[in-house]
Amino acid sequence: MKYTLIDEYQTPAVADVLDRLKKARKRWHEDGDKNAFSLTATTGAGKTVMAAAVIEALFFGSDDFDFPADPGAVVIWFSDDPSLNEQSKWRLSQASDKLTASNLVTVMNSFGREQFEPGKVYFLNTHKFSKNSLLVRGHDPDDGAIEKDGMGERLMPDLRSHTIWDTIKSTIEDPDLTLYLVLDEAHRGMKEGGGSGKPTIVKQLINGTRGVPGIPVVWGISATVQRFNDAIAEMVGHVRLPNVVVDAKKVQDSGLIKDTINLDVPDEIGDFATVLLKRGTRSLRDISDAWADYMKEQGEPDTVKPLMVLQVPNAPDPKEISTWLDAIYEEWPDLPHDCIANVLGEHRTETFGSRSVPYIEPERVQESDWVRILIAKDAISTGWDCPRAEVMVSLRAATDRTHITQLLGRMMRSPLARRIPGSDRLNAVDCLLPRFDKRSVTAVVNALMSGGDTGEDLPLRRVLIRPIEVLPNPAIPEAVWDKLLSLPSQILPKRLARPVKRLTALAHELARDGLLPDAGKKAHAEMHKVLDRMRTELAPKIATMRAAVMAVEGQTLKADVASQGMTFNDFVEVADYAVIEDAYKRAGRIISPDLATTYSEHLAAKDQNAEDEEEALIGAHTDVAALGLIPEIKETLEAAAEALSDQWLNEYRGVIGTLTDERQEAYRQIQALSANPLDVFLARPKTWLQPTMAREANGTENPLPRYEKHMLCDADGLFPDELNIWERAVVEAEIEKDERVAWFRNPARASQDSLGVIYDDVDDKRIMRPDFVFFSQHANGSIVADIVDPHGHHLADSLPKLHGLAQYAEANGHLYGSIDAVSEVEGRYRVLNLQNPQVRSAVYAAASAKAAYLGSASIIYKS
């Protein structure tokens with residue numbers, strides 16, 4: 001793979017999909033059972049990258065996933081849109097270094113193979129199965145094929161010997177092949193259309209048709225596959241395997257998709273198209289400048305060229321569009337005049353006034369950075385996305401909210417495929433709706449928050465209406481910022497931690513940045529020392545395992561025909577090279593393939609008894625294979641790798657903090673690849689987007705309260721925030737204290753400037769984010785931080801979160817003045833002082849959060 005899978009959700013999803021495919025293949029060849037399942041992941045999760053990893057493992061095998069190759073694997077990649085197929089084909093080749101033009105095949109009308117070849121992905125779409133397609137003519141008796149005189153043989157039109165359906169049938173019926181059907185955007189094509197009652201092409205592929213059996217293994221991929229799942233449940237021929245569902249929260253946490261959508265609507269009814277279009281143009285110019293400044297600050301080339309999507313009605317008036325384009329250039333005269341393109345359904349150059357606007361294929365928009373204004377109608381195309389699309393101005397009517405939310409949902413990818421630390425502005429997309437009002441925009445907000453018509457679950461997406469930008473408060477002393485950035489933040493541990501792989505990755509990054517030359521060699525040298533020591537300490541056990549590797553044991557069955565008796569005789573043969581290499585590869589999957597290679601070379605170089613290098617290397621492979629059979633060696637090696645990684649991360653923490661955001665993120669990801677990850681420090685907030693108005697249920701708006709002393713503020717030095725009644729009581733009481741010099745509203749999202757605390761929730765670990773950090777300045781000038789977290793005691797996660805905060809206080813209390821949990825219990829606000837060991841013990845022992853507050857809390861505020 002060219003890309004590293006995101007460990008939080010892509011790696012386990014790929015593992016689960018491979019597990020389903022392995023079971024489906026086994027059931028098909030052993031029992032003739034057909035199986036189907038789906039992969040569901042929100043838009044922007046990288047479904048095609050995950051698919052590339054799966055197909056690469058299917059064709060070539062994977063040590064990382066301990067998955068053997070399927071030598072008879074044939075994949076049909078099917079969608080209802082040729083352009084979507086081409087986009088998917090391109091993405092697969094970009095994600096995998098093993099999936100190339102030789103094994104990614106677009107099926108054209110000239111395709112003539114009688115059987116699909118193994119190790120290839122064949123791209124097909126609905127149009128290839130239409131009645132007039134050359135690929136299917138002759139399959140339906142009504143389309144012109146006739147039969148010979150009573151022989152049952154078809155006389156095919158166009159001098160063809162077979163149809164694409166015959167190719168599918170031949171492939172399915174070959175016992176040496178396994179045909180897999182991948183349905184891209186699987187929610188489409190499952191519904192009957194036209195009132196004919198005839199099954200859709202997708203259903204014919206799944207169920208079979210006119211003597212062609214259904215495809216044995218079906219894998220649906222989509223952001224929403226409910227229609228696919230319902231259709232599979234109704235089909236008699238396929239067994240539905242458990243679906244693979246990617247947690248949308250983990251996708252949002254990864255930073256691959258943007259955190260915030262900013263909506264601008266007019267305050268009153270009227271035609272404000274040109275006014276908001278000019279505002280959108282200013283947003284495009286400002287975000288372009290912001291990206292240019294950020295890339296310059298990072299010392300990187302200015303590769304992010306934001307564009308504006310101008311969404312027009314289905315029957316646009318060319319004169320009106322010309323007026324809109326004029327408004328754009330009035331606002332930004334320096335915008336190049338050849339930077340406009342269209343993705344309209346007519347697929348042609350359009351003329352709008354004096355401007356000729358060329359058509360561009362949707363999949364080419366992202367790479368064509370000359371495009372800064374893109375004219376579109378609906379959702380452009382299924383599966384389309386463009387990380388450069390930072391601004392959308394929709395000139396559709398309020399009744400077209402579905403088209404608006406579908407298109408906006410395609411604009412959520414982060415341009416650099418990561419969250420920008422401390423900058424809400426660069427982690428947001430702007431949407432301006434001139435033909436909406438405050439009341440009608442509520443439907444758009446609800447749709448975007450819930451996933452709308454797609455049914456996606458998007459729990460962490462923020463939708464802000466006319467937010468303002470708040471910047472670092474110039475009145476806050478630098479010492480307060482230093483204190484904030486020194487506070488430890490926890491990150492979730494990894495279930496599938498691979499310490500040796502983590503060490504190798506860390507060594508690569510340290511060497512790349514010139515922090516530790518030859519770090520890879522040094523890391524492996526330390527691991528070689530560990531393995532050498534273990535070989536000495538466990539010499540007898542290793543000798544036994546080496547003998548086991550060198551011997552192939554079996555039994556001979558002897559059947560006496562006369563007596564009908566059977567006897568078994570044991571035999572032992574000396575293992576050959578193939579057997580040793582197989583055992584060596586299995587050991588490599590345990591201690592990591594890279595380390596197995598370097599340690600084998602290390603052992604071979606020390607072998608004085610071998611006749612030549614080849615014999616020494618075979619002997620070394622045998623030794624490594626024996627090591628892989630001893631569990632203690634894996635445990636000791638991984639502990640040593642974890643310790644060395646943590647040592648280097650601590651040693652180089654300071655200099656890593658001076659690197660670019662991209663490089664710091666690389667180390668942050670490595671730091672997280674642990675069952676017991678080190679704490680991380682917060683990134684400094686640079687700009688946040690804050691709402692200024694509270695929206696009532698009836699659509700009316702009221703100004704939000706603004707507070708002083710916050711670390712980020714508006715032009716008046718105040719911070720607007722929508723606080724609930726508990727939070728408001730805490731903030732108003734705390735900032736009135738004489739010693740308070742600042743406070744920090746801890747972001748609830750998984751950003752680098754948000755302080756996280758781990759807690760156990762049933763069988764899983766999660767992250768809570770305490771609401772507030774308050775800062776005081778003592779007489780000696782020192783800055784003290786206090787955590788205050790108001791939380792409802794009645795909620796299901798209340799007690800687990802209390803436990804997590806208590807454990808955080810136990811580990812890090814020396815860095816704080818106080819760590820308090822607050823809740824309203826029986827009409828009074830009560831506080832648990834988690835710095836107090838007796839209070840922590842009471843919290844751990846409490847049967848409920850309410851009991852903890854009633855038993856160990858002091859009263860601080862009256863409600």
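**Entry 1: getting my bearings**

Helices here are DSSP runs of H or I with at least four residues, strands are runs of E with at least two, and both are numbered from the N terminus. By that rule I find 25 helices and 40 strands in the protein chain. I note for myself that this is a predicted model, where local features need pLDDT of at least 70, side-chain atom pairs count only at pLDDT 80 or more, and totals for chains, interfaces and linings use all residues. Residues are numbered from 1 along each chain as its sequence is written, and side-chain values use heavy atoms, with hydrogens and water left out.

I looked up burial next, where buried means under 20% relative accessible area, exposed over 50%, and partly exposed in between, with a 1.4 Å probe and protein chains only. Of the 863 residues of the protein chain, 53% count as buried. For contacts I use heavy atoms within 4.5 Å. Among contacts in the chain with a separation of 6 or more, 72% come from residues 24 or more positions apart.

I went to strand β18, residues 373-376, and found both of its faces covered. I373 and I375 are buried on one side, L374 and A376 on the other.

Which strands pair with β18? I count two strands as paired if DSSP finds at least two bridges between them. Strand β14 (residues 307-311) runs parallel to β18 and is joined to it by four bridges. Within that pairing, Q311 has A376 as its bridge partner. Strand β15 (residues 340-342) also pairs with β18 in the parallel sense, over three bridges. There I see I340 opposite I373.

**Entry 2: E390**

Is E390 buried or exposed? E390 counts as buried because its relative accessibility is 2%. I located E390 in strand β19, residues 389-394. Leaving aside neighbours within four places in sequence, I find E390 in contact with K258, I287, W291, P306, L307, M411, P415, A428, V429 and D430.

Helix α21 covers residues 661-672, twelve in number. From first C-alpha to last, α21 reaches 16 Å, close to the 16 Å expected at 1.5 Å a residue; the expected span is 1.5 Å times one less than the number of residues. Its buried residues are D661, R663, E665, A666, Y667, I670, Q671 and A672. I checked what covers them, and the list includes α8 (273-297), α13 (499-512), α19 (631-651), α20 (653-656) and β26 (680-681).

A675 lies in the loop between α21 and β26. A675 is partly exposed, because its relative accessible area is 41%. Beyond neighbours within four places in sequence, A675 is in contact with P493, K494, A497 and E642.

**Entry 3: rings**

How many aromatic pairs does the structure hold? I found 17. Rings of Phe, Tyr and Trp (its six-membered ring) pair if their centres lie within 6.5 Å; planes under 30 degrees apart count as stacked, over 60 as edge-to-face and the rest as tilted.

F111 and Y122 have ring centres 5.8 Å apart and planes at 75°, so I noted this pair as edge-to-face. The pair links distant parts of the chain, eleven residues apart: F111 sits in the loop between β3 (104-106) and β4 (120-125), and Y122 in strand β4. Both F111 and Y122 are buried.

Y707 and W743 have centres 6.1 Å apart and planes at 90°, so they are edge-to-face. Y707 is in strand β30 (residues 706-707) and W743 in strand β33 (residues 740-745), so the pair ties together parts 36 residues apart in sequence. Y707 and W743 are both buried. I also see them in one aromatic cluster with W688, F719, F744, F772 and F774.

Then I looked for charges over rings, meaning NZ of Lys or CZ of Arg within 6 Å of the ring centre and within 35 degrees of the ring normal. The charged end of R653 sits over the ring of F681, 4.6 Å from its centre. The charged end of R684 sits over the ring of W481, 4.5 Å from its centre.

**Entry 4: R840**

My last stop was R840, in helix α24 (residues 837-845). R840 counts as buried because its relative accessibility is 12%. Not counting residues up to four places away in sequence, R840 touches A806, A809, E810, L834 and Q835.
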